[in-house]
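Hi there,

Here is the structure I promised to send over.

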Amino acid sequence: MNQGVIYAALAYLAWGLFPLYFRQIAQVPALEVIMHRTLWSLVFVLGILLVLRRWAWLGPVLKSRQLLGRFAISALLLSCNWLVYVWAVQNNHVLDASLGYFINPLVNVALGFIFLRERPRPLQWLAVGLAAAGVLWLAVQTGHMPWVALTLALSFGVYGLMRKVASLGALEGLALETMLLAPIAAVALGWMSWQGHSALAEGNASTLGWLLFAGPLTAVPLLLFAAGARRIPMSTLGLLQYISPSLQFLLGVFLFNEGLQPTRLIGFALIWAALLVYSAEGLWVSKARGRADPAA
């Protein structure tokens, strides 16, 4: 099997199993979890950079206000995505979270059209339309928009768009984002601990251990993803990305016993149909290009 496929599949497998981790620290408020995740991710990433001696990028970045501004925005988007995801897992909305990441590839198509002047092909527009119909159906059936799913899809979609036009790699980008967020997280955690209302002040050794584990758990899948993405075509990567929300969906239904009413299943079915059209169209185009250019 292609090494890149293994790396990418392992990354999506880890992301798909994230609900199991966050349920282990369900007693810690979601906002505090994100503070710990930010701090320990920074410590872990800085450790990797120290071992690899990859510091040359930092000097030019710190001198560029424009780049720092972009990464400050991407850091806020990432922290927003993390916060909503952790809250969703802790409050029995794993199915909504999985829905967000099922929708995300189609959000990327729309964002590419709006901001990068990309021209989606007709079947890609059909996929976007089917997904929109699924979201609308869910909104009508529940009486409100599926805000967890939409927030996750949009925040990660815009985050991906910003990282697409950024000049830093996955490791360096995560290091800079957590550097920008870490002072806020450290001050907030310090104040909460001083007040006696944090896991650092009240938590047991097991809870603290799980929180420390957030560092490698955040960074390692991202590094695996970056390694895989460099080695395999985007069409293959696009199919592998469904591993994560599929696992989350299965965990939500069969392990966490979240209800999936038949009417709600119709909305999911529309979105799955959209993903089927999107994936099949992508594979067809990829194969057609391969036949047209055998040397590619």
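Arg53 counts as exposed because its relative accessibility is 72% (buried means under 20% relative accessible area, exposed over 50%, partly exposed in between, with a 1.4 Å probe and protein chains only). Its phi is near 60°, a positive value in a residue other than glycine. Most residues other than glycine have a negative phi. Arg53 sits in the loop between helix 3 and helix 4 (58-62); helices are DSSP runs of H or I with at least four residues, numbered from the N terminus.

This is a predicted model, where local features need pLDDT of at least 70 and side-chain atom pairs count only at pLDDT 80 or more, while totals for chains, interfaces and linings use all residues. Residues are numbered from 1 along each chain as its sequence is written, and side-chain values use heavy atoms, leaving out hydrogens and water.

Asn257 also has a positive phi, near 55°. This residue lies in the loop between helix 14 (243-255) and helix 15 (262-292), and is exposed at a relative accessible area of 63%.

Helix 3 (residues 30-52) has 23 residues and spans 32 Å from first C-alpha to last, close to the 33 Å expected at 1.5 Å a residue (1.5 Å times one less than the number of residues).

On confidence, the average pLDDT (the predictor's confidence in each residue, from 0 to 100) is 88, and 96% of the residues score at least 70. Helix 13 (residues 234-240) is lowest, at a mean of 69, and helix 2 highest, at 95.

Happy exploring!

Terms used: Helices (H or I, at least four residues) and strands (E, at least two) are DSSP runs, numbered from the N terminus.
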